[in-house]
Every structure is written in C-alpha cells, then in structure tokens.
Amino acid sequence: MDNSPLTSLPHAYPFRLLDRVGAISAERGTAIKNVSANEAFLQGHFPGDPVMPGVLIIEAMAQLAGLVMNNGARECGAYVAQVKDMRFRKTVAPGDSIVLSAEIGSRFGSLASFTVSANVDGVVIAAGEIVMAQTGGKE
Amino acid sequence: MIGAHNVSDIKQAIKEMLVKRLKLKMDAASIKDDAPLFGDAGLGLDSIDALELVVGLQKEYGVVINDKAVAERVLVSVNTIAEHVSANKTA
C-alpha cells in the first residue's frame, strides 16, 4: 500500500496535478509534476505548440499547498481563496519535470497564505502567493 | 517621545495601510475612525482582507493577532485597531 502523502490528495484523475510528493510538514512541502505529451490539455493548448496552461501550474501549486495546510493528512479540504503576484517566467512543454514548492506564511482563522514556486531544471518558471481556505473537518 | 506615536498618528497610519494593502478604492482621509471594517455598512472587507490586515499589523507594528477572540475584538474599526496597536506594538 502506498502511504505517501499523494494518497491524501483529494483530487482524482483527470485532475490530479501532482505525480510525486516529497516531504510534507505543517510549514512546507515539495512535489513533482511530470508533463507528458499525452496530457489532454495539451491537445488544444495549443495544436502543434504544446504549452502547459499557467492556470494549471497554479492548480498544481494549490494542490500542494492544500496538502501542506492539512500536514499531509486528509482531514480537511482546501479551496483556493486568492492568487497574488503570480508571475510566469518560462513556458512548460512536454518532457518537463516541474518541481513545486509551497511554504506557509501567515495563518488567520481558516485561511493561510503560501509562498509558492515552480522550477524546471533548477530554473524558476513560476512563482507567487496563494491563499487557501480550509474547509470541513476540525477547526 | 511624546507625540511621536500617539493614537491619532497610529489611526492615520492604519487608514493608509488599509487603503494600500487592501487596495481600497478610497482615500485614507475618507475612512471614519468608527466605521465598521466588515459588512456593507462599513468598508465591506472580507476574511481574506482580514488575513492581509493581520499580516500588515504584524509587519508594521510587531502586533500578532492569532486568537479568534482577540481578532473579533480588535478588527472592528480603525479605533479598535489603533487602541490595540498602541497598547501592544513592539516595532
């Protein structure tokens, strides 16, 4: 049985945007998304010029942030509440392995802000801030 | 250092922080000291603004608000924030 934090991810196919999750703590976490030429979204984005949509990079960051928020356990859910100062520096193409990281900043009530970044080959391709809202479970 | 950080200076600074950090479309001068921060009758802030405000108060004044009861007492109006800041500021 796979006990990795990835099994705690509430997202399922075809919207699981993390392939492997590294260490998850209550403060930070890392994960990898390997982008394959077979990704459904690359069929139309764009024909003959496959580029991973920036919003899906944000989604991958948010999925990781949700795991950190729940400390790798599936006790609560988390929704995206705000995306701030997100900047995309390079495009992501099939074959790229995106290394994601999320670090919790401030918490208030059910909200937590995260500094997030995505790297390909050691280069930052996207970075910004995401606020997540915890849902359900214990307060 | 009387007057360097009196309550009315703090109120003015808090109004400016509200407008700047929360990107409010109004002048700091038009915010009333006792206007409710949340709800349509006042500034209409939401919980995400509250998080931003808590971060701002910590950065600007070293005032940490992580207790729900304290938040409900302090995050009411410019008056209540200024009172709490002047009593607890470390920066």
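Me: How many of the 16 residues of α2(A) are buried, and what does that say about the helix?

Reply: Some ground rules come with that. This is a predicted model, in which local features need pLDDT of at least 70 and side-chain atom pairs count only at pLDDT 80 or more, while totals for chains, interfaces and linings use all residues. Residues are numbered from 1 along each chain as its sequence is written, chains are lettered from A and ligands numbered from 1 in the order in which they are written, and side-chain values use heavy atoms, with hydrogens and water left out. Buried means under 20% relative accessible area, exposed over 50%, and partly exposed in between (1.4 Å probe, protein chains only). Helices (H or I, at least four residues) and strands (E, at least two) are DSSP runs, numbered from the N terminus. In α2(A), 14 of the 16 residues are buried, so the helix is largely enclosed by the rest of the structure.

Me: What span should helix α2 of chain A have, and what is the distance between its end C-alpha atoms?

Reply: The expected span is 1.5 Å times one less than the number of residues. For α2(A), residues 54-69, that gives 22 Å, and the end C-alpha atoms are 22 Å apart, which agrees. After the helix comes N71(A), with a positive phi near 55°.

Me: How does α2 of chain B read by the span rule?

Reply: Helix α2(B) covers residues 47-61; its 15 residues should span 21 Å, and its end C-alpha atoms are 21 Å apart, in agreement. G62(B) follows the helix, and its phi is positive, near 70°.

Me: What covers the buried residues of α2(B)?

Reply: Eleven of its 15 residues are buried, so α2(B) is largely enclosed by the rest of the structure. Among the buried ones are I48(B), L51(B) and Y61(B). Contact means heavy atoms within 4.5 Å. The cover includes β3, β4, β5 and β6 of chain A, together with α1 and α4 of chain B.

Me: Which residues does S113(A) touch beyond its sequence neighbours?

Reply: S113(A) sits in strand β5 of chain A and counts as buried at 8% relative accessibility. Leaving aside neighbours within four places in sequence, its contacts include E103(A), I130(A) and, from the other chain, L51(B).

Me: How much area do chain B and chain A bury between them?

Reply: The size of an interface is often given as the accessible area lost when the parts come together. Buried area here is the accessible area (1.4 Å probe) that two parts lose on being put together, summed over both. Chain B and chain A bury about 780 Å² between them, with 72% of it on carbon and sulfur atoms. On the side of chain B, I48(B), L51(B) and E52(B) lose the most area to chain A, together 58% of what that side buries. The contact takes eleven residues from each of the two chains.

Me: How many salt bridges cross that interface?

Reply: Side chains of opposite charge can pair when their charged atoms come close. The rule for a salt bridge is a side-chain nitrogen of Lys or Arg within 4 Å of a carboxyl oxygen of Asp or Glu. Across this interface the rule finds one: K84(A) and E52(B) meet at 2.5 Å, N to O. α2(B) gives the most to the side of chain B that touches chain A, with seven residues.

Me: Which residues are linked with K84(A) and E52(B) in a network of salt bridges?

Reply: The network also takes in E129(A) and R21(B). R21(B) and E52(B) meet at 3.2 Å, N to O. R21(B) lies in α1 and E52(B) in α2 of chain B, so the pair ties together parts that are 31 residues apart in sequence. E52(B) counts as buried at 15% relative accessibility, whereas R21(B) is partly exposed at 24%.
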